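Thanks, everyone, for making the time.

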Amino acid sequence: MANPLADLQNQISDTLKRYQHRVDYLAIRLEASEGTDIFIRGIQKESHADHQIETLSEDVSLGGQVRACYKGGWGFSSFNRLSQLGDRVEEAVTAARLVGCEQTELAPIPILTDICQLPLTRTDPRQIDLKDKKDLCDRYIEQLLSVSPRIATTSVRYSDCAKRLLIATSEGSFIDQSWVDLEMRFAATARDGETVQTGRETSGSRRGYEDMTTLDKQVKSAAERAVEALELPSVRGGAYPVVIDPILSGLFVHEAFGHLSEADMAYENPDLLEVMTLGRRFGGEDLQIFDGAAPQGHRGSYFYDDEATPATTTQLIENGVLVGRLHSRETAGRLGEAATGNARCLDYQHSPIVRMTNTWIGRGTTPVDQLCAGIKEGVYARNWLGGMTNGEMFTFSAGEAWMIRNGELAEKVRDVTLSGNVFQTLADIEAIGDDFYWDESGGCGKGGQNGLPVGCGGPSLRINNVVVGGEA
């Protein structure tokens, strides 16, 4: 009996052999995916609640990409018919030879053949009917709307995606890797006259469909926070000592520090490369920061990246000192460092670039209930509402916040934004909590490739002198 995978592997191998003498490096990546996308809005009307379906789809796709490198120049081509493979390889090889004029420098990696699957521990979402998934979204829409008549609009997004990747290189690697990813996003907007407040929640999983069916408490919490915030006073703007929960810690380390650790950012920006000099101190002795796809069970986990580099765990900051950064094979080769397995692409239509996987701050030793001790006036912030970064500057909006007075939580406040310079903020971390939480809700964007699954984690942090936005 014919073996389809063996036949495909032979076809790819023969194609690589025909063209590899014309370039320094050649890689073929095939991708098969199937998934569901549902997006529903809920609108509160005088007599009833209206559900508006904006997206309800099940998709199956098959495609591939070819990457060729010659004298440091890259050629890229994508396709969605296997019969086009030869033509697309020719295109990528020709493009690489046209632009190449330097030297190809790719960090060495093990040459392996491997078949691996990230196992589900619960039900595969492909076994669930589309109607059942829509009914789940409707249930959550109803829960959001039922919290209060002041909830004006709501939204629920459900997505699942099963992927299988085949990666073959002219060096001899052949990787067959697959996984399933799920995510749900919820939002509720409350209105009272001109005052508008929004609550958000996001949840993701690589364990199975049941993880998406038990989010009732989390969903209602988003709407309850939006309604409650209508009555809260705004925080008075200024610089405060701030305590943040693990979710905000994970967001901070990913957005504010993690992107600066991606070596293509530094490689393309000499000023940033000078700032991100290995051996430079950024924080106290107890500060440890990591990134890696090797820890299993998280949304940024895998066995191999999209260049067939084995997954690793990279320590970025050790005892407050910068000791590592995240690499593709090219950035590692250019900077004379080891490949870390962080070359990722959103799908076959995009070329792999340096991306975070699971990024976290190591657990500290300060008991969480002591983080507020000694703060005469400060802010405790938890969960996230939104945020943005611009180089080393960041601004995040907290989902909930309280004033800290004389070491105790006091009145709740709204409209809390936290801003600062990431390097100064790292230096201003005064205490690291002994708690820890993994947030699996992340979808990272970079270089036009948005929504790449990642994990973020960390403990609660006490940070001195954070600029908190609010009323003057």
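What follows is a short tour of some salt bridges, and then of a sheet with a helix across it.

First, the ground rules: this is a predicted model, in which local features need pLDDT of at least 70 and side-chain atom pairs count only at pLDDT 80 or more, while totals for chains, interfaces and linings use all residues. Residues are numbered from 1 along each chain as its sequence is written, and side-chain values use heavy atoms, with hydrogens and water left out.

How many salt bridges does a search of the whole structure find? The count is 40, where a salt bridge is a side-chain nitrogen of Lys or Arg within 4 Å of a carboxyl oxygen of Asp or Glu.

One of them joins the side chains of Glu 34 and Arg 126, at 3.4 Å from N to O. Because Glu 34 lies in strand β1 (residues 25–44) and Arg 126 in the loop between β4 (113–117) and α3 (130–146), this pair ties together parts that are 92 residues apart in sequence; helices (H or I, at least four residues) and strands (E, at least two) are DSSP runs, numbered from the N terminus. Glu 34 is partly exposed at 34% relative accessibility, and Arg 126 is partly exposed at 42%, on a scale where buried means under 20% relative accessible area, exposed over 50%, and partly exposed in between, with a 1.4 Å probe and protein chains only.

Another salt bridge links Glu 231 with Arg 150, whose closest N and O atoms are 2.7 Å apart. Glu 231 sits in the loop between α4 (216–229) and β8 (238–244), and Arg 150 in the loop between α3 and β5 (151–169), so parts 81 residues apart in sequence are tied together. Here Glu 231 counts as exposed, at 54%, whereas Arg 150 is partly exposed, at 28%.

Turning to the sheet, we have six strands in an open arrangement, ordered β11-β10-β9-β14-β21-β20, with mixed pairing; two strands pair if DSSP finds at least two bridges between them. Its edge strands, each pairing on one side only, are β11 (321–322) and β20 (437–446). Strands β9 (residues 289–292) and β14 (residues 358–361) pair in the antiparallel sense over three bridges, and Phe 290 stands opposite Trp 360 in β14.
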